[in-house]
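I opened this model to look up a few things. My notes follow the order in which I checked them.

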Amino acid sequence: MEMRRLAGEDVPVVGMGTWKTFDVRGPRETGAHAVVRAGLDAGIRVFDSSPMYGAAERVLAAALDGRREEAYVATKIWTPDAADGERQAAAALDWYGRVDLYQVHNLVNTRAHLALLERLRDEGRVRALGATHCSAGAFSELAEVMRSGRIDAIQVPYNPRQREVEREILPLAEELGLGVLIMRPFGEGALTRRPPSPEQLAPLREFGVETWGQALLKWVLSDPRCTVAIPATSRPERAAENAAAGSAPWFGPEERKLVQALGP
Ligand SMILES: NC(=O)c1ccc[n+]([C@@H]2O[C@H](COP(=O)([O-])OP(=O)(O)OC[C@H]3O[C@@H](n4cnc5c(N)ncnc54)[C@H](OP(=O)(O)O)[C@@H]3O)[C@@H](O)[C@H]2O)c1
């Protein structure tokens with residue numbers, strides 16, 4: 001799998017999200033553990049979570065038991081309240097030992113949380129800082145935080161049906177040298193529900209693409225400004241399928257256009 005530089009470290013370009021898929025309890029937690037193990041075995045290293053995702057942070061931590069050093073954990077603070085942010089950070093540090101990339105989720109109370117995260121970074125408990133937003137309406141605010149020089153990475157949505165980041169956010173990330181995590185590469189699953197036929201995907205086979213999911217991931221990752229895509233899955237076999245999309249050859253403009261035309 002190809003590596004790209006995220007906040008000073010080389011990481012594989014396919015990671016894994018945990019929204020919904022890891023908000024599980026009881027016997028279903030075993031299934032989430034199997035997804036993480038399959039992902040690690042396939043070379044996935046970046047795992048993204050948040051206190052917003054219910055049990056996901058805790059379930060991810062349990063899934064990484066014994067293999068924590070193989071993972072690059074990206075999680076978030078998500079609360080308007082500064083004291084609550086401290087509690088979220090204490091819980092995450094207890095679960096993960098250290099947080100590799102700590103992000104402010106959806107720019108909620110960025111000012112207070114960045115101060116906390118900078119302190120934790122100075123103490124060596126956090127390695128890099130980031131900010132996320134899922135809505136294009138907040139991209140000008142995100143751009144301001146990017147320009148502040150206080151963060152190392154951003155997390156934004158990007159897929160053939162959601163391309164607003166191309167206007168300002170990706171060029172700015174490139175100019176500032178920031179890492180870019182891509183959320184929602186499958187549009188929360190909306191883009192994968194009715195996949196094109198194998199015949200329609202045939203021109204992409206020479207690029208190592210066997211499935212529609214891989215075509216969508218390669219569409220994202222063929223833009224070198226995108227550092228890591230973090231698709232979520234509840235199925236171990238899909239963790240390996242997604243990981244396999246993380247290597248060259250990358251699409252050129254023609255292949256990207258084809259994927260755009262094939263999608264829903
Ligand atoms: N504001 C924020 O910071 C924010 C907002 C949204 C998301 N995120 C992060 O980004 C991550 C990814 O986004 P997302 O979870 O919203 O959506 P996504 O990754 O675009 O889509 C997830 C869906 O795709 C399906 N899927 C996965 N691999 C597939 C494959 N190879 N073929 C076909 N279908 C496949 C999964 O179903 P199965 O389970 O059946 O495989 C799941 O329903 C989140 O988990 C979260 O970590 C962050």
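I started with the ligand. Of the 28 residues around the ligand, I noted Asp48, Phe186, Thr233, Ser234 and Asn242 as the ones that come nearest. A residue counts as near if one of its heavy atoms lies within 4 Å.

A word on the source: this is a predicted model, where local features need pLDDT of at least 70 and side-chain atom pairs pLDDT 80 or more, while totals for chains, interfaces and linings use all residues. Residues are numbered from 1 along each chain as its sequence is written, and side-chain values use heavy atoms, with hydrogens and water left out.

Which element gives the largest share of the shell around the ligand? I found helix α9 (residues 236-243), with three residues. Helices here are DSSP runs (H or I, at least four residues), numbered from the N terminus.

Next I looked up polar contacts (N or O atoms within 3.5 Å). Asn242 has a polar side-chain atom 2.8 Å from a nitrogen atom of the ligand. For Tyr53, a polar side-chain atom is 3.3 Å from a ligand nitrogen atom. Thr132 places a side-chain N or O atom 3.0 Å from an oxygen atom of the ligand.

How much of the ligand does the protein cover? I read 90% of the 910 Å² of accessible area that the ligand has on its own. These areas come from the Shrake-Rupley method with a 1.4 Å probe.

Then I turned to the cysteines. I found zero disulfides in the structure. A disulfide would need two cysteine sulfur atoms within 2.5 Å. Cys226 is in no disulfide either, with the sulfur of Cys134 as its nearest.

Is each one buried or exposed? I used relative accessible area: buried is under 20%, exposed is over 50%, and partly exposed is in between (1.4 Å probe, protein chains only). Cys134 is partly exposed, because its relative accessibility is 23%. Cys226 is buried, at 0%.

Ala63 is in helix α2 (residues 56-63). Ala63 counts as buried because its relative accessible area is 6%. Its C-alpha atom is 6.3 Å from that of Val36, 27 residues apart along the chain.

Met146 is in helix α5 (residues 139-147). At 1% relative accessibility, Met146 is buried. Met146 and Thr211 are 65 residues apart in sequence, and their C-alpha atoms are 35 Å apart.

Notes:
Polar contact = N/O pair within 3.5 Å; in protein donor to acceptor, adjacent residues only side chain to side chain. Helix = DSSP H or I, 4+ residues; strand = E, 2+ residues; numbered from the N terminus.
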